[in-house]
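Visitor: I would like to learn how to read a few features of a protein model. Could you take me through them one at a time?

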Amino acid sequence: MAHEFVAGWTYDHKSWHGLETCLHEQPDYDTAERLARWGEPTTLREVYDEQGNVIDGWKRVERFGTIHAIATDRYTPLKDSDAFRPAFAALTADGSAIPRSGMTLAGGGLSVLTFEIPGLSAEVVSGDTLRRYLFLWNGHNTHFDCGAQFGDVCVVCMNTARVAWREETARRARTKHTTNVRTNMDAIHRAIDVQRREFSLDLDIMRRLAEFKLDRTTATKYFRAVLGKGDAAEMERADWRLDRLEANYVGGVGSQARAGTVWGAFSAVTEFVTHQRGRTDSSRIVADQFGAGATLRQHAADLARELVGV
């Protein structure tokens, strides 16, 4: 399945797959860890050749009774409690963050935790709020590292994790599972507050987009540039998508607050990617759709910045 869900929870909202435990009270760390099964250990075991001899320098990485990878001796597991507990304690103690989701994904190969940062969420224009999240992750195989980033995605499955990692504007710090992984993760925790302060730059850009006026003709040119050029079949699809984008611009979600601005045009693309691009709810969240949708959204953001000169 596209979600690759193993265990987890959400607080005060429900994911698209609905497999998690939905909480109506904010969890403490122990509850979050128990429901997400973060306490499941990662074990390193010997690797053997066909004759039963130990292969020096290599280990099997196992979790949830599954072999997740064959790694070198340099691979160092990081407990989820070391990755998540310090940030959880610091951010919830002063109320500066709200834990929104915590999960184990990819057969136990990835643990994730997402906070909403109310102090970083702000209105771009009246009635149009830009929400910001802090996404932390800890991998348990050689495919995933560990780290933290600020962005606008609340991670509830593998597809949303991939979307978050594709955000080019996200403030991100990450480290590999080598012998100094714990030291590096401590440094990432210390850097979180610094990165929080940088959000004001993103907000300034969004407000600049909201201040820049755009007539319908220029908006249509912008949408055509977003969709790009292609063969005849692609352009036929582009015409259909262009109709959707123009409809979103005039009458989409929050269009009154964003009317006649570059921010409104960019938001029309965002609504198309997140709510209209696939034929069904599930098709919008399979990996290939999410990858293409994220690329389209990033292209739209780049063109929007070009329009206003930022």
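Guide: Gladly, and let us begin with polar contacts. A polar contact is a pair of N or O atoms within 3.5 Å; within protein, one must be able to donate a hydrogen and the other to accept it, and residues adjacent in sequence count only if both atoms are side-chain atoms. Here the side chain of Asp80 makes such a contact with the side chain of Ser111, at 2.8 Å. Please keep in mind that this is a predicted model, where local features need pLDDT of at least 70, side-chain atom pairs count only at pLDDT 80 or more, and totals for chains, interfaces and linings use all residues. Residues are numbered from 1 along each chain as its sequence is written, and side-chain values use heavy atoms, with hydrogens and water left out.

Visitor: Where is Asp80 found, and is Asp80 buried or exposed?

Guide: Asp80 is found in helix α2, residues 80–93. Helices (H or I, at least four residues) and strands (E, at least two) are DSSP runs, numbered from the N terminus. Buried means under 20% relative accessible area, exposed over 50%, and partly exposed in between, with a 1.4 Å probe and protein chains only. Asp80 has a relative accessible area of 1%, so Asp80 is buried.

Visitor: What joins the side chains of Asp145 and Trp137?

Guide: A polar contact of 2.8 Å. Asp145 lies in the loop between β10 (133–139) and β11 (146–151). Asp145 counts as buried because its relative accessible area is 16%. Beyond four places in sequence, the contacts of Asp145 include Arg174, Thr175, Lys176 and His177.

Visitor: How many disulfides does a search of the whole structure find?

Guide: The general idea is that a disulfide is a covalent bond between the sulfur atoms of two cysteines. The test used is a pair of cysteine sulfur atoms within 2.5 Å, and the search finds zero. As for individual cysteines, Cys146 is buried at 0% relative accessible area, and Cys154 counts as buried at 16%.

Visitor: How many residues does the largest nonpolar core have?

Guide: In soluble globular proteins, nonpolar side chains tend to be buried together. A nonpolar core is a set of buried Ala, Val, Leu, Ile, Met, Phe, Trp, Tyr and Cys residues joined through side-chain atoms within 4.5 Å. The largest one here has 27 residues, and those with the most contacts inside it include Leu209, Tyr222 and Phe223. Helix α9 (262–276) is one of the elements that give two or more residues to this core, and α9 gives the most, with eight residues. Apart from this core lies another, of 25 residues, among them Tyr29, Leu35, Ala97 and Ala148.

Visitor: Which order do the strands of the open three-stranded sheet have?

Guide: Two strands pair if DSSP finds at least two bridges between them. The order is β3-β4-β5, with antiparallel pairing. The edge strands, each pairing on one side only, are β3 (43–48) and β5. Six bridges join β4 (54–63) to β5 (66–72). Across that pair, Arg60 stands opposite Ile70 and Val61 opposite Ala69. In the hairpin of β4 and β5, which has two residues between the strands, Phe64 takes a positive phi near 55°.

Technical notes. Contact = heavy atoms within 4.5 Å.
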